[in-house]
Amino acid sequence: YTPSDVLRDVTFVDTPGVLSGEKQRRMRSYDFAKVTRWFAERADLILLLFDAHKLDISDEFKEVISGLKGLDNKVRCVLNKADQIDSERLVRVYGALLFNIGKILQTPEVVRVFIGSFWDKPLQHSDHKAIFDRDAQSLMKEIEGLPADAASRKVDEMVKRVRLVKVHACILGHLRSKMPWFWGSEARKEQIIDNLDIIFDEVQQKYGLSAGDFPKTEEFATCLKTFDFRKLPTLEYSALETLQELLDKKIPAAMGKHGGAFDEDDEMTEEHKRLADAAAKDGKPGLLEDPAIAYVGLIVVMVLLMLGMAVLMTLVYVKHPAVVGLGKQIVGLGAQIRNFLSANAGAASAGAGAGAGAGAGA
């Protein structure tokens, strides 16, 4: 038995009360914002409740709302106890709520706000009773429709994860391509981390990615410090094309958004074209980013150095005229240096002796 039929298919998770004082916040034994984010990522709908007569957003609540960035498509606001204020004040509170939420979430889209008085007591101000009833019905309709739309939301989450995988693969491959072959890897790593914003811009322009799919630079930079960039995976354009095909063809076909599967001869999407252009600019895909190429180059250089030393030793052994002449020049240069040093040392000794004789005469 459930008091409402909605509870048979929908589970409500109520977070603990949001604290306002810094001293009270420090008494928590866990990170409230991170825990809330964890639940929000797995929820189908996020309801933010506000009281119309006290709209002040505390620092902790602001931190929680900021942690919902990227999930704003699931966020809805409920302006409760709206019957306790008059019409003029309700208009101001509604506008202030939209402004504050948009400023915290930093999203251009307006968050849906449901206005009402969600309890069984009589309304204190019934001027907007029609709006309260309509918003209450709309909210209940959206909650009741969650089970039916669960599959499409899961697909949306999968699409989001595929896009994130694609972005991270492009970033790591780009970082690997910027590492030197022989030495200076640590200095280059620090330079890359310090200029991560520029790196993200390069990756975005090169592969035609969306800026909203990129991770936060601060958090990503912290994670990168623990990795050896020379061991990062190389970028495979075939894998990127597979991911893009999944986004452009396989998933829409499975969801029936385009009335069935696409033909193999369909025109390439813009994303496919950008990937093809990027691969063409780099030449053979992954060639310059492959660490095996760097190792082969190092071996080739070492072999050439050894061959050069062997040739030089052979010329010395057979007393080749060029080597003999070079040796005589080196010996002559050494003799000139010794003579120069000896002359300077003699002059310094004579000067010291004259100074001592003058001191004795005095």
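Lys-178 has a relative accessibility of 26%, so Lys-178 counts as partly exposed; the term covers what lies between buried, under 20% relative accessible area, and exposed, over 50%, with a 1.4 Å probe and protein chains only. This is a predicted model, in which local features need pLDDT of at least 70 and side-chain atom pairs count only at pLDDT 80 or more, while totals for chains, interfaces and linings use all residues. Residues are numbered from 1 along each chain as its sequence is written, and side-chain values use heavy atoms, with hydrogens and water left out.

What does Lys-178 meet in a salt bridge? The partner is the side chain of Glu-202, at 3.5 Å from N to O. By salt bridge I mean a side-chain nitrogen of Lys or Arg within 4 Å of a carboxyl oxygen of Asp or Glu. The pair links distant parts of the chain, 24 residues apart: Lys-178 is in the loop between H6 and helix H7 (185-194), and Glu-202 is in helix H8. Helices here are DSSP runs of H or I with at least four residues, strands are runs of E with at least two, and both are numbered from the N terminus. Glu-202 is also partly exposed, at 29%.

Next, Asp-213 and Arg-163. Their side chains form a salt bridge at 2.7 Å, N to O. Asp-213 is buried at 15% relative accessible area, whereas Arg-163 is partly exposed at 32%.

Glu-88 and Arg-92 are both in helix H4 (residues 87-105), four residues apart, about one turn of the helix. Their closest N and O atoms are 3.4 Å apart, in a salt bridge. Both Glu-88 and Arg-92 are exposed.

Arg-37, Glu-41 and Arg-42 are linked in a network of salt bridges. The structure holds 12 salt bridges.

Last, Arg-76, in strand S2 (residues 75-80). Is Arg-76 buried or exposed? At 17% relative accessibility, Arg-76 counts as buried. Its side chain makes a polar contact with the side chain of Glu-142 at 2.8 Å. A polar contact is a pair of N or O atoms within 3.5 Å; within protein, one must be able to donate a hydrogen and the other to accept it, and residues adjacent in sequence count only if both atoms are side-chain atoms.
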